[in-house]
Amino acid sequence: MDEFNFYNSENDGYRGGFGGYVDPDPAPNTPFGTGGARPPKNKKGGAAKIIALVLACTIAGGGAGVGGAYLYSRMAGPQNSTTIYEEVRPQVQTVVNTNGGKPMTPEQLYAANLPSCVGITVNTTQNIWGQTTTSAASGSGFVLSQDGYIATNYHVIEEAAEDDTGAVTIEVSFANGDKYDARLIGGEKDNDIAVIKIEADNLTPVTLGDSSKLVVGEAVYAIGNPLGELTYSLTDGIVSALDRLITTNSTDESGRQESTTLNVLQTNCAINPGNSGGPLFDSYGNVVGVVSAKYTQSSNGVNAEGLGFALPINDVKGILSDIIEHGYVTGKPYMGVQVMNVSSEAQRYGITAGAAVSYVAEGSCAQKAGLQVNDIITAIDDTAIDSSPALTAALATGYKAGDTATLTVIRNQQELKLTITFDEKNAQTEANNQLQQNNQQQPSQDNGYGYGYQWPFNVFPW
């Protein structure tokens, strides 16, 4: 992704043991679930303001927490199972401060979780003028299970996910100096999350917390590799805000602009290139977020400090489980269209704001619903759509594959109602969409609206 800066890393290891903290024995097997936690809050639809971001790509850690754990198991044989630990923690007291929950000291938290910290290095080999060169991009991750499943950001391993030549490899490093080759299990670009796997046993997994219990002002901690050189650094801060919507931009292989809108929690923990994919801990030693980005500059050029962001762990628990089980996220809705923003310039000529359809895949649910090129989607059921990111946000937060919805569409300045039943987003539907797009000629400049200048849209796939 164009806006990401990658740095090489060198592990200098961990020396000493702080706090004398020892992880408790795992609890008996129970189904992986929310443990009675409140469901994630519905995220508001609508376009997020696009602000310059730097995604913090390079090394950081994981964690093994305290207290009772929920276990998620995928049996692959009597001696081979995958276990993900999930903690039920006390609710933070916001009026009367109590010490009943016994939070960990920073020293204890660091010592307990360091064995789960990993550095992820993505190596790319190229042949340039007969000479073989290797470049590396480094990121962070944390151990999910004793048998080697590791979570990270999608943008950390994006080159490996898009490579089909074998020229891109992934290496995982631990603080004790152990290194492993890793393979990609699967990734979810829209939510910036991925899972890789190493062949190892008896690893120290993290304990997943409950991000729905976080409150603004609560202490949080990150373990990471800032700048790719200061490996396994602990930084602390507070939860600055919850339920922020941020939008990142990138360019795909065809040169088209892509936009991703994420629901995140905001923190003032020091986050730099080197932290992407690493964990954000609460004071009980549980992972409550996945570090992903920081603001460096606003859209009007004002520099920013102390504005870091992490994906709430409740938003990605199901994604991680799906990737481990199936290699992709199941049940995700897919329309089989390309949509564009209607610019302010076009709106001055009377064109309605919304998500303008520039392409409809043959055989897709969008085609079956009667959606056509040049239609402008202005609502899904009762949710207003005024842009392409708004459409993406509405689909991601409110619908699953197989759900039926009513689209409000403007066609030739007339409002229509179309009924659509969403397909599932998977490798087959995406590949079919991409193949048709590659064979399709570029649309004419007037796009059927009769204007003689280039249509002022930005393209977003969905």
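The protein chain exposes about 20600 Å², and carbon and sulfur atoms supply 46% of that area. Accessible areas come from the Shrake-Rupley method with a 1.4 Å probe, and for residues only the protein chains shown count as cover. The model is predicted: local features need pLDDT of at least 70, side-chain atom pairs count only at pLDDT 80 or more, and totals for chains, interfaces and linings use all residues. Residues are numbered from 1 along each chain as its sequence is written, and side-chain values use heavy atoms, with hydrogens and water left out.

Of the 462 residues in the protein chain, 51% are buried (under 20% relative accessible area, 1.4 Å probe, protein chains only). Among contacts (heavy atoms within 4.5 Å) with a separation of 6 or more, 71% link residues 24 or more positions apart.

The protein chain has seven helices and 27 strands. Both are DSSP runs numbered from the N terminus: helices are H or I with at least four residues, strands are E with at least two. Two strands pair if DSSP finds at least two bridges between them.

Strands S9, S10 and S11 show this pairing.

| Strands | Residues | Sense | Bridges | Opposite residues |
|---|---|---|---|---|
| S9 and S10 | 168-174 and 179-188 | antiparallel | four | Glu 171 and Asp 181 |

S9 and S10 form a hairpin with four residues between them. Gly 177 lies in that turn, with a positive phi of about 100°. S10 and S11 form a hairpin too, with four residues between them. In this turn, Asp 192 has a positive phi of about 55°.

Methods:
Buried means under 20% relative accessible area, exposed over 50%, partly exposed in between (1.4 Å probe, protein chains only).
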